[in-house]
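Take a look at the model below. We will walk through it one piece at a time.

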Amino acid sequence: MSSKKPGERQVLESIYTMIALVFVLVTCVELCDAATVVDVYRLIQYDISGVPFGSRFATLNHHAGSLHFASGVDLSRTVVIIPVRELNITFVKEYFAQRKPLGGLLFLLPQMFNFENRDVVSGSEDEIHEKELIKTVLVELERLLIHASIPYPVYFAFEDDDIDAVLADVKRSDASGQPATATTGGYKLVVSAPEPKKIVSPTITNIQGWLPGLKADGDPNQLPTIAIVASYDTFGTTPALSVGSDSNGSGVVALLEIARLFSLLYSNPKTRGRYNLLFGLTSGGPYNYNGTHKWLRSFDQRLRESIDYAICLNSVGSWDNELWIHVSKPPENAFIKQIFEGFSSVAEELGIEVGLKHKKINISNPRVAWEHEQFSKLRVTAATLSELSAAPELFESTGGLSDSRHFVNETAIVRSIKLVAESIARHIYGHQGKNVQIFADDTSLAVNAPYIISWLDLLSQTPRVAPFLSKNDPFVVALKKELEDHTYEVHMQHEVLDGMFTLYDSTKAKLNIYQVASVTFDLLLLLVLGSYLIILFTFLVITTRGLDDLISLFRRPPSRKVKTA
C-alpha cells in the first residue's frame, strides 16, 4: 500500500484543523449563553376522584416574556414572568377562563415569603400595609390556581438581583415591540424535570399522647376524658413552600404548650385532676380531616364513650380580639352551653371576645369543613376554636403561600393558650365561674413565650404537605419526641390517605435562564466564519502545493468508460 505524499498530508491536516476549529467555536457560543440558575417551585398537581387540578406539566423550554407585551401577540411559546407585586389578576383569570395557549407562567414572590429568610421585622406602617396588600393578592391568586386545571407548567421563584435584571431586559424588549422569539433572540427559560408521577399509597401519620387522671381508691368507673387536638399538615399551591405558620402551625404550638402546662400539674398527685387528657396531632387535615377520621375509628368503644368533650385548635395565631367556637350541635345543647359558658367566663377575664357558631353537618357528605365534625359524626361532643368566623372552602386556609411567619403574632397564640388551658383546668377542678387563675403569669405554671416562639419558628420553616412528609420524616419524629417529654403512652399511627385524593411528585426544580442570540446574528456569524475558513484553506493549499493543485481539487475527474467485447 502506497503512503500519501507530504503535501496531501498537510492539506488533510489543515482540513481537520478547520473542522475542529468550527466545533470549538460553536461549542463556545453555546456554553457562554447561560445567564443564571435559580430554584423554582412547581404548582401542585393533584386529582380528586379522577378529576385533574393544578399544573399538568413540569418541563419548560420557551422564551421569556412579561406583562408588557403588545395585544394580539402569540404567547403559545412564551413563559410570562409575573412579579406578584405587579400582578394583574385579570390577565391570569382571562387566560384561564378562555383557555388561551401559553408556554408557561413564572410568578416571582417577594423575599418576605421565603421561609429560609429568617428576618421577621415589623417595619414601618407603609411596609406593613404593602405586606397586607401582597398577602391579599396572593390569597386571590392561590384560590384561582388551586382550583384550576392548567395545561402548561406553572412555577414560583423568589425575587433576586439576577432574575430581576433578566426581567428588566425582557420588559424593555417587550415594550419596544420586539418580544423574544427565535428570530429576535432574548432569554430562554429551561426546566428539565421528569414527568410527574402519582404518589402510590400516600401515608399520613397521627401522633397521640396521654395524661392519665387520678382515680379515687375503689372507684370502678372509668375517668372521663378531655381531648385536645390539632392537625399539623398543610396544603397549598406549592407543596415545597407550604409552611402554614397560622394554619395550622399556631394550633400545633398551642397544643404542645398546653400539654407542657398540664404535665406540670399532673406530675404531682396532689394537683392531678380526675380527668384523663388525650392529645392528638393529626394528619390529613386539608383532605377532609382524613387522619382524624381514622384516628377516631381506631379507638375502642370505652375510650370513645369516655370523652367528655374535644377541643380542636385551628388558626389561633393571627387575630386581634375575637375568637370563635364552632360546633355541630345546637347552641341549646346542655354540653355545648357548658363549654361555651366556661370559655366565655375566662375570655371575659382575659379581655377577649368569644363567639359561638353553629353549623349542621351532613352525615352522608364526605366533605368536612372543621375537625370537630369528625367527632360529631361519631356522636362525640366537640368544638373547634378558631379566628375564622366561617367554615373555609376546600383547600382554603390550609397553610398556603400567604400563610407565612410575617403574619403570625405570638402574643395571639399566648392568649389563645391561656384561654384554652384555663377553661379546661376550671372544668377539671370544678372552678367554673370562679376568678381563679391556675396558669397565672410569673408563676411556675405561666405560659412559656420563648418555647412558643421557638416552635413557631420551626413550623414556619417546615413545609408539611402530606403525603410529602414520610412517616419517618425528622419533623414528624420531632413532634413525637416533644409529646413524649410531656405525656405518656405516646405512639404514632400510620394510615393511607383516602383514595379520592391523588397527588403527584416533582415539586421543586432548577430553572436555567439562557441569553440567546437572534437568527440574524447566527447567520452573520456563520457567514464570517465560513469566509474566514475558505480563505485560510485556500492560502494553506497554495503555499504548500501551489495554485494548480488547488484548481485540480475542484476540477471534475474524467469518467472511466468500461469497454465491452
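This is a predicted model: local features need pLDDT of at least 70, side-chain atom pairs count only at pLDDT 80 or more; totals for chains, interfaces and linings use all residues.

From helix α8, the residues Gln338, Gly342, Phe343, Ser345, Val346, Ala347, Glu349 and Leu350 take part. Facing them in α10 are Arg415, Lys418, Leu419, Val420, Glu422, Ser423, Arg426 and His427. Sort the residues of this contact by type. Six are nonpolar, five are polar and five are charged.

Now look at how the two helices lie. Helix α8 covers residues 334-350, and helix α10 covers residues 410-429. Their axes come within 9 Å and cross at roughly 130°. The crossing of α8 past α10 is right-handed.

Next comes the sheet. In what order do its eight strands run? The order is β15-β14-β16-β13-β11-β12-β10-β17. The sheet is open, and its pairing is mixed. Strands β15 and β17 are the edge strands, and each pairs on one side only. Strand β17 spans residues 488-496. From one strand to the next, the twist averages 20°.

Helices pack on this sheet too. One of them is α6, residues 290-297, which touches β10, β11, β12 and β17. The direction of α6 makes about 55° with that of β10. Another is α12, residues 474-486, which touches β10, β12 and β17. The direction of α12 makes about 10° with that of β10.

Strand β14, residues 322-327, pairs with β15 in the parallel sense. Six bridges join the two. What holds such strands together? Strands of a sheet pair through backbone hydrogen bonds, either parallel or antiparallel.

Which residue of β15 is the bridge partner of Trp324? The partner is Gly355.

Is Gly355 buried or exposed? Its relative accessibility is 10%, and the cut-off for buried is under 20%, so Gly355 counts as buried. Last, compare sequence with space. Gly355 and Leu385 are 30 residues apart in sequence. In space, their C-alpha atoms are 9.8 Å apart.

Terms used:
Residues are numbered from 1 along each chain as its sequence is written. Side-chain values use heavy atoms; hydrogens and water are left out. Buried means under 20% relative accessible area, exposed over 50%, partly exposed in between (1.4 Å probe, protein chains only). Two strands pair if DSSP finds at least two bridges between them. Helices (H or I, at least four residues) and strands (E, at least two) are DSSP runs, numbered from the N terminus. Axes are lines fitted to C-alpha atoms, for helices over the stretch in contact, and angles run from 0 to 180 degrees between N-to-C directions. Contact means heavy atoms within 4.5 Å. A crossing is left-handed if the near helix is turned anticlockwise from the far one by less than a right angle, and right-handed if clockwise. Ala, Val, Leu, Ile, Met, Phe, Trp, Tyr, Cys and Pro count as nonpolar, Asp, Glu, Lys and Arg as charged, and the others, Gly among them, as polar.
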